[in-house]
Amino acid sequence: MKAAVNRSYGPPDVVTFEDMPKPVPGDDEVLVRVHAAVVGVVDGLARRGAPLYARVHFGFRRPRFPVLGCDFAGQVEAAGPAVTRFAAGDQVFGTIAPRFGAHAEYVCLPEQAAVAPKPANLSYPEAAALADATALCFLRDKANLRRGQTILINGASGAVGTAAVQLARHFGASVTAVCSGANAGLVRKLGAGDVIDYTEADFTRAGQAYDVIFDVAGKTSFSRCRPALSRTGTYLTTAPSPAIFLQMPWTARFGARKAAVAFTGLRAASEKRRDLLYLRDLAEASALAPVVGACYPLPRIADAYRHVDAGHKRGNVVVTMNGHT
Ligand SMILES: NC(=O)c1ccc[n+]([C@@H]2O[C@H](COP(=O)([O-])OP(=O)(O)OC[C@H]3O[C@@H](n4cnc5c(N)ncnc54)[C@H](OP(=O)(O)O)[C@@H]3O)[C@@H](O)[C@H]2O)c1
């Protein structure tokens, strides 16, 4: 099978397009023919081996995962004899995170992995983009976002942000989206009531207070956001830092305002499967429409990485196989 392979850390050009052995499913595994896979920020970090401490997972001297890619959609080609939930021909979507391997024509996964039937109304690229439950975990599980609350989403036009805007609306919150002016129309269409262009205004000094600030872009901090939080407000960030690791346990015990970080890829496969089904139901009810800003055929994955590395993608960037767009 063809796969995008990186045997050393570096820029997009380190990724080569190679022949690899096609995986063979074990007794309790499914072999999925991948039709689309997300090229995400985390893939870019793993390709570069950055930050350095993350090499505990990515591999110290050279990549532990020569084929990257977590979130995928495709079709089951074969199933081991002990598999009961899937059969050849089933259309599926899922995630391999925190491991990798989806930037290839095939992946092999245990039946109990985070894989679920694909939403009938989505294309393969859209279904691959739906497989990341990061926004759901932050808004539902960390913030317990409820009807009538106000939320500001910093970094609203990217992969996590576009899902967060729609989910926040689904939970009944009023959404203020922060992104560049070029993406204001997109986030308004997804449900944001207000939009702040971060190149023109600093939301932390605008005199508004929110019940939840979701710092998707990881460009600010709890200390800076404190004046923009309501008296019992919650600051959530996707970005680990020494400060947030101290603030999270401290604010959990003392003070009314809370601060938290989460690592959604580390959750158990059973939780991720439950979330895939939840997201699938929302997509099929037209309450959530994953945004795919760009599709590249797998051999052009270096261009996909350049797009992602620039830090301004609209929604998701996806590589496609077998002509699926
Ligand atoms: N902790 C976890 O479990 C977890 C899971 C998944 C992802 N992540 C992290 O989440 C982050 C976001 O991922 P993503 O895929 O959504 O990224 P992305 O698609 O690249 O989106 C980046 C967003 O940030 C905005 N932005 C860029 N510079 C900004 C600034 N100075 N101030 C405010 N907003 C700015 C962009 O807006 P414009 O394009 O309009 O400029 C865009 O909306 C990444 O760092 C990723 O590593 C963490």
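Seven members of the largest nonpolar core, which has 51 residues, touch the most other members: F93, L139, L145, I151, I153, L167 and F214. Helix α5, residues 159–170, supplies the largest share of this core, with 6 residues. Apart from this core lies another, of 38 residues, which includes V32, C70, V76 and A102. The model described here is predicted.

L145, one of the residues of the largest core with the most contacts to other members, touches L139, I151, A168, F171, A173 and V212 when residues up to four places away in sequence are not counted. In soluble globular proteins, nonpolar side chains tend to be buried together.

### Helix α4 and its partners

Helix α4 covers residues 134–142. Its buried residues are T134, A135, L136, C137, F138 and L139. The elements that cover the buried residues of α4 include strands β8 (150–154), β11 (210–215), β12 (229–237) and β13 (258–261), together with helices α5 and α9. Just after α4, N144 takes a positive phi of about 50°.

Two packed helices are described by the angle between their axes and the distance between the axes. The axes of α4 and α5 come within 8 Å and cross at roughly 40°. The crossing of α4 past α5 is right-handed. On the α4 side the contact is made by T134, A135, L136 and L139, and on the α5 side by V160, A163, A164, L167 and A168. By class, this contact of α4 with α5 has 8 nonpolar residues, 1 polar residue and no charged residues.

Helix α9 spans residues 269–284, and the axes of α4 and α9 come within 11 Å and cross at roughly 95°. That angle makes α4 roughly perpendicular to α9. L136, C137 and R140 of α4 meet R274, D275, Y278 and L279 of α9 in this contact. By class, the contact of α4 with α9 has 4 nonpolar, no polar and 3 charged residues. L136 takes part in the contact with α5 and also in the contact with α9.

| Residue | Relative accessible area | Class |
|---|---|---|
| V178 | 2% | buried |
| S180 | 18% | buried |
| A78 | 25% | partly exposed |

V178 sits in strand β9, residues 174–179. Leaving aside neighbours within four places in sequence, V178 is in contact with L152, I153, N154, G155, A156, I196, Y198 and F203. One of these contacts, I153, is among the core residues named above. V178 and E29 are 149 residues apart in sequence, and their C-alpha atoms are 42 Å apart in space.

S180 lies in the loop between β9 and α6, the latter being residues 184–190. Its relative accessible area of 18% is under the 20% that sets the limit for buried. With neighbours within four places in sequence left aside, S180 is in contact with D197 and Y198. Y198 is also in contact with V178.

A78 belongs to strand β4, residues 71–79. Outside the four places on either side in sequence, A78 is in contact with P25, E29, V30 and L31. A78 and R61 are 17 residues apart along the chain, and their C-alpha atoms are separated by 35 Å.

How values were computed:
Residues numbered from 1 in each chain as written. Predicted model: local features only at pLDDT ≥ 70, side-chain atom pairs only at ≥ 80, totals over all residues. Heavy atoms only, no water. Core = buried A, V, L, I, M, F, W, Y, C linked by side-chain atoms within 4.5 Å. Buried < 20%, exposed > 50% of the residue type's maximum accessible area, 1.4 Å probe, protein only. Helix = DSSP H or I, 4+ residues; strand = E, 2+ residues; numbered from the N terminus. Contact = heavy atoms within 4.5 Å. Axes fitted to C-alpha atoms, helices over the stretch in contact; angles between N-to-C directions. Left-handed = near helix turned anticlockwise from the far one by under 90°. Nonpolar A, V, L, I, M, F, W, Y, C, P; charged D, E, K, R; others polar. Parallel < 35°, antiparallel > 145°, perpendicular 65-115°, else oblique.
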